[in-house]
Amino acid sequence: EGYFESSLCFQRFLTLVTDELVRPLSVNAVVAQPDNTGSADDAFVEVLYQPVEAAKGVKQRRGSPMLLKLEEISGHEAEYVSNWFKMAERLKPVADLYFGTLYNPSAYLDFNFLCLAHAAEAYHRHVIGGEDVPAEDHEKRMGEVVGAVPEQYQKWLREKLRWSNELSLRRRLKELFSKWAHILTPDKVGDHGDVVRSIVEARNSLTHHEPGGQGDVPSGARLLRLVETLRVLLQLSMLGELGLRAEQIETAITRSRSVRLLAHLGR
């Protein structure tokens with residue numbers, strides 16, 4: 001299980017830096033002899049499992065630019081791959097959601113949107129974190145609010161307010177956009193306030209299906225634009241986790257397929 005998890009992790013690393021789906025065409029293992037001398041008697045075993053079978057007939061690259069070229073990270077390859085493996089373990093839910101939309105794309109654009117919005121929210125929670133107010137202030141506030149209602153409702157109300165000190169999606173997105181504001185300029189993604197509002201309203205409408213809720217549910221090119229904006233935001237976040245320099249990230253993201261699609265949709 002650990003072997004295949006490591007294989008998947010490296011596969012995802014290559015998918016991120018090449019901006020193309022990377023799948024294994026074959027998996028081979030070397031079973032060394034007990035003396036570990038690397039003799040000719042070592043057994044070479046072809047490992048077969050479903051992802052390999054599903055990868056038969058994978059098309060070659062279409063010539064799109066890679067986010068990172070090998071010569072650009074020369075001398076730091078081990079550092080970046082090591083950072084990626086650490087990130088993958090720490091942020092597995094984020095990676096599962098992001099890469100799930102790539103390897104198992106849904107025919108329903110709104111499903112991909114919800115997955116990416118959830119991934120962005122989870123990334124902020126695990127990496128940046130933060131609370132609405134300091135914990136001690138929240139406890140005081142909770143005590144005053146709960147104490148103001150009849151005793152028979154206090155347990156119910158405390159449970160309802162259990163996550164009330166969590167940051168809202170709106171605030172999390174604002175902080176992520178602010179972090180990458182020098183790259184996600186308005187000419188690329190539009191006004192940050194408008195984009196954040198559109199993402200939050202779309203997420204709420206699609207999640208709660210409230211008739212007559214705030215704003216209409218975007219579809220078609222409008223929803224695609226939100227999807228690709230979230231994808232770029234997550235690409236930037238994951239490139240940052242590699243430990244790349246700011247100028248490397250800025251250069252890499254200009255090659256992103258999603259950035260180019262956003263430029264097309266913006267015309």
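**Helix α5 and its neighbours.** I began with what the buried residues of α5 pack against in this predicted model. I found four partners: α4 (92-103), α8 (169-179), α10 (192-208) and α11 (220-242).

Next I listed which residues of α5 are buried. They are Asn-112, Phe-113, Cys-115, Leu-116, Ala-117, Ala-119, Ala-120, Glu-121, Ala-122, Tyr-123 and His-124. I jotted down a reminder here: an α-helix has 3.6 residues a turn, so residues three or four places apart point the same way.

Then I checked the length of α5. The helix covers residues 109-128, and its 20 residues should span 28 Å at 1.5 Å a residue. Its end C-alpha atoms are 28 Å apart, so the expectation and the model agree.

Gly-129 follows, with a positive phi near 70°.

**Helices α6 and α7.** How do α6 and α7 cross, left-handed or right-handed? I noted a right-handed crossing. The axes of α6 (residues 135-147) and α7 (residues 151-160) come within 9 Å and cross at roughly 145°.

For the contact itself, I wrote down Glu-139, Met-142, Gly-143, Val-145, Val-146 and Gly-147 on the α6 side. On the α7 side I have Gln-154, Leu-157 and Arg-158. Sorted by type, the residues of this contact are four nonpolar, three polar and two charged.

**Asp-19.** My last stop was the loop between α1 (2-18) and β1 (27-31), where Asp-19 sits. Its phi is positive, near 60°, and Asp-19 is not a glycine. Most residues other than glycine have a negative phi. Is Asp-19 buried or exposed? I put it down as buried, because its relative accessibility is 14% and the cut-off for buried is under 20%.

Key:
Residues are numbered from 1 along each chain as its sequence is written. This is a predicted model: local features need pLDDT of at least 70, side-chain atom pairs count only at pLDDT 80 or more; totals for chains, interfaces and linings use all residues. Side-chain values use heavy atoms; hydrogens and water are left out. Helices (H or I, at least four residues) and strands (E, at least two) are DSSP runs, numbered from the N terminus. The expected span of a helix is 1.5 Å times one less than its number of residues. Buried means under 20% relative accessible area, exposed over 50%, partly exposed in between (1.4 Å probe, protein chains only). Contact means heavy atoms within 4.5 Å. Axes are lines fitted to C-alpha atoms, for helices over the stretch in contact, and angles run from 0 to 180 degrees between N-to-C directions. A crossing is left-handed if the near helix is turned anticlockwise from the far one by less than a right angle, and right-handed if clockwise. Ala, Val, Leu, Ile, Met, Phe, Trp, Tyr, Cys and Pro count as nonpolar, Asp, Glu, Lys and Arg as charged, and the others, Gly among them, as polar.
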